[in-house]
Amino acid sequence: MADRASRDVLGQGLRVLGRAIRTEPRLFALGAVGSSVFGILAIVNSYVVGAVIGHVVVPAFTEHRAGAGTLGLIAAAFIGISVLRVATIFARRLGAGYMQFRLQARYRRAVTRRYLALPPSWHQRHATGTLLSNANSDVEAAFVPIAPLPFAVGTIVMIVAAVASLFYTDWVLALVGITLFPALFGLNVLYSRRMSPRQIRAQRLRARVSAVAHESFDGALVVKTMGREADESRRFGVHVAELRDALIAVGRLRGLFDPVMDALPSVGTLSVLLLGAWRLSTGDLTVAELVTVAFLFTVLAFPVRAIGWVVAELPRSVAGWERVQAVLGAEGDLAYGSASAPGSGPAGAAFDRVSFAYAEGPRVLHEVSFTVPAGRTVALVGATGSGKSTIASLAVRLVDPAEGRITVEGVELPDLSAPALAATTALVPQIPFVFDDTVRGNITLDREDLTDDDAWAALRLAQADGFVAKLPEGLDTAVGERGTSLSGGQRQRLTLARALAGHPRLLVLDDATSAVDPRVEAAILGALREREAGASILVVAYRRATIALADEVIFLEHGRVVATGTHHELMASVPAYNELVTAYERAEAENEVNA
């Protein structure tokens with residue numbers, strides 16, 4: 001990728017800029033027109049300065065007098081040009097600034113929407129820090145050249161007009177401009193090709209540093225309790241040092257490029273003065289014409305830098321754009337139908353010969369078949385790695401099976417529309433996630449049809465109304481990032497209440513009450529079973545008391561259903577099941593003693 005970008009970075013960068021212009025044509029037009037008018041005014045100003053020096057200043061020194069009316073006219077001309085230039089600068093900066101920030105906001109939203117559309121399997125293959133970098137620094141990098149772009153366009157207009165005016169004034173001095181301007185463009189092309197691989201590497205290392213930092217912050221508790229602070233600092237320091245060296249390489253090349261870009265217009269001005277002095281001595285050039293051309297080269301020195309700014313940022317822009325497009329073009333979307341689950345109240349579900357494998361790995365489920373009758377509770381029991389959580393993800397269609405069918409009320413999950421699926425099923429995962437929001441915000445998630453009464457009803461079912469009522473602000477209490485002000489059991493009950501608030505017809509609990517007291521867990525499941533128009537429940541269970549509440553138990557081994565029946569039936573007829581449940585119970589008792 002780096003070699004390809006190095007060879008064609010200018011072409012790729014111009015295509016990115018073209019895409020940006022087509023996206024925000026009006027703002028670009030505002031900035032480009034303002035900059036172009038600014039350039040024309042700079043040329044007009046050069047002629048005014050030349051005329052003033054040649055026809056007013058020099059005669060004033062010769063004749064030792066200057067008319068007040070002439071001086072007033074000159075002052076008015078300069079003031080008028082200055083006012084117009086201020087207006088054009090404002091237009092240029094307004095258009096460029098608005099364009100850049102609107103593009104960044106647009107693509108940040110697009111990347112975030114793409115993240116939300118992609119399945120969990122895609123997210124599992126990409127570090128969170130890298131995804132944050134895609135949505136932040138990569139989007140920013142992609143549109144960095146937008147800020148100087150209108151100025152560069154105006155500069156090109158200025159250069160074309162300047163070359164034309166040079167030929168109009170004196171063709172010999174115009175040859176200097178014809179030599180200088182191609183040299184500037186050639187230097188920019190050479191620079192972009194040398195800079196491209198450096199910017200691509202720096203952008204990739206930014207994402208890596210972000211990923212390592214996010215991982216360290218996320219695992220801060222483990223790092224501190226294991227005494228690994230120094231090791232994590234060293235690990236982070238290695239990546240930071242790589243990024244530092246990459247950015248130094250970028251800065252070193254830019255440090256060489258910028259002075260050369262500054263020097264070329266100055267060389268042009270010096271050449272014009274030397275050649276112009278000779279032409280003046282031969283009578284082929286007037287003082288006004290020489291001053292006009294020299295001043296023109298002087299005012300071009302700064303605007304020409306704008307072209308360098310754009311070209312200098314193109315490698316970084318291309319690197320960021322490619323990383324953003326890698327997200328926007330990512331495949332793996334789950335296609336949805338237009339159906340809805342028929343009926344109302346609890347929804348029955350069925351797995352029919354379902355098999356599944358993660359990415360290119362081995363299968364973790366093998367022809368799994370079972371049903372969750374409407375209004376009933378079915379427990380999934382099995383050792384670690386037996387496929388319980390995978391079944392839970394399949395039941396709410398976080399992933400699709402490799403083979404087989406999963407239906408809700410006879411409708412296959414892919415045939416359901418996204419809103420219908422969200423309204424019919426709900427998953428409460430093993431690890432609760434709480435947003436940095438109020439209790440109310442975490443339960444309702446801004447769903448407009450949910451009232452405070454709905455929130456309290458869900459909290460009561462989740463056995464969470466008691467502790468929420470004791471919070472300082474009740475439903476309005478902010479719970480902190482990831483619910484840091486709550487205990488593990490409180491976070492689990494809050495996430496359960498969030499799922500229940502939407503009145504799902506099929507509720508999937510993936511060991512969702514492991515952190516709560518067994519008595520509270522039994523009360524939760526009992527309340528769910530007894531509530532009017534309740535949901536069908538598929539629960540991943542470990543505790544004997546929880547399993548015993550299920551109407552049916554599915555016993556899994558190595559991704560296969562090996563037995564089904566009630567808890568008591570399986571305890572009596574399946575030794576492996578008896579041994580596993582007894583081991584869970586023994587481990588739980590030991591944990592309580594140690595606690």
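Phe90 lies in helix α3. At 58% relative accessibility, Phe90 counts as exposed, because exposed means over 50% relative accessible area, buried means under 20%, and partly exposed lies in between (1.4 Å probe, protein chains only). Helices (H or I, at least four residues) and strands (E, at least two) are DSSP runs, numbered from the N terminus.

This is a predicted model, in which local features need pLDDT of at least 70, side-chain atom pairs count only at pLDDT 80 or more, and totals for chains, interfaces and linings use all residues. Residues are numbered from 1 along each chain as its sequence is written, and side-chain values use heavy atoms, with hydrogens and water left out.

**The surface patch**

Phe90 belongs to a nonpolar patch on the surface, together with Leu30, Leu94 and Tyr98. The four have about 400 Å² of accessible area together. Helix α3 (residues 68–117) gives the largest share of the patch, three residues. Patches are made of residues with over 30% relative accessible area and no salt bridge; like charges are joined within 9 Å, and nonpolar side chains (Val, Leu, Ile, Met, Phe, Trp, Tyr) within 5 Å. A salt bridge is a side-chain nitrogen of Lys or Arg within 4 Å of a carboxyl oxygen of Asp or Glu. Accessible areas come from the Shrake-Rupley method with a 1.4 Å probe; for residues, only the protein chains shown count as cover.

**The whole chain**

The protein has 20 helices and 10 strands. Of its 595 residues, 46% count as buried. The accessible surface comes to about 28800 Å². Carbon and sulfur atoms hold 60% of that surface. Contact means heavy atoms within 4.5 Å. Among contacts between residues at least 6 apart in sequence, 79% join residues at least 24 apart.

Two strands pair if DSSP finds at least two bridges between them. An open sheet of six strands runs in the order β6-β7-β8-β3-β9-β10, with mixed pairing. Its edge strands are β6 (425–428) and β10 (560–565), each pairing on one side only. The twist averages 20 degrees from one strand to the next. Axes are lines fitted to C-alpha atoms, for helices over the stretch in contact; angles run from 0 to 180 degrees between N-to-C directions.

β7 is mostly covered, with five of its five residues buried. Both faces are covered. Leu506, Val508 and Asp510 are buried on one side, Leu507 and Leu509 on the other. In a regular strand the side chains alternate between the two faces of the sheet.

β7 pairs in the parallel sense with β6 over four bridges. Ala426 has Leu507 as its bridge partner in β7. β7 also pairs in the parallel sense with β8, over five bridges. Here Leu506 has Ser536 as its partner in β8. Elsewhere in the sheet, β3 (residues 377–382) and β9 (residues 552–557) pair in the parallel sense over five bridges. Gly382 stands opposite Leu556 in β9.

**Helix α11 across the sheet**

α11 lies across β3, β6, β7 (506–510), β8 (536–540) and β9. The helix runs at about 155 degrees to β7. Why is α11 largely enclosed by the rest of the structure? Seven of the eight residues of α11 (residues 388–395) are buried, so the helix is largely enclosed. The buried residues are Lys388, Thr390, Ile391, Ala392, Ser393, Leu394 and Ala395. Just after α11, Arg397 takes a positive phi of about 60 degrees.

**The four-stranded sheet**

A second open sheet has four strands in the order β2-β1-β4-β5, with antiparallel pairing. Its edge strands are β2 and β5 (411–412), each pairing on one side only. Strands of a sheet pair through backbone hydrogen bonds, either parallel or antiparallel. β1 spans residues 349–357 and β2 spans residues 363–372, while β4 spans residues 403–408. The table gives the pairs of this sheet.

| Strand pair | Bridges | Opposite residues |
|---|---|---|
| β1 and β2 | six bridges | Ala349 and Val372 |
| β1 and β4 | five bridges | Ala350 and Thr407 |

β1 and β2 form a hairpin with five residues between them. In the turn, Ala359 has a positive phi of about 50 degrees.
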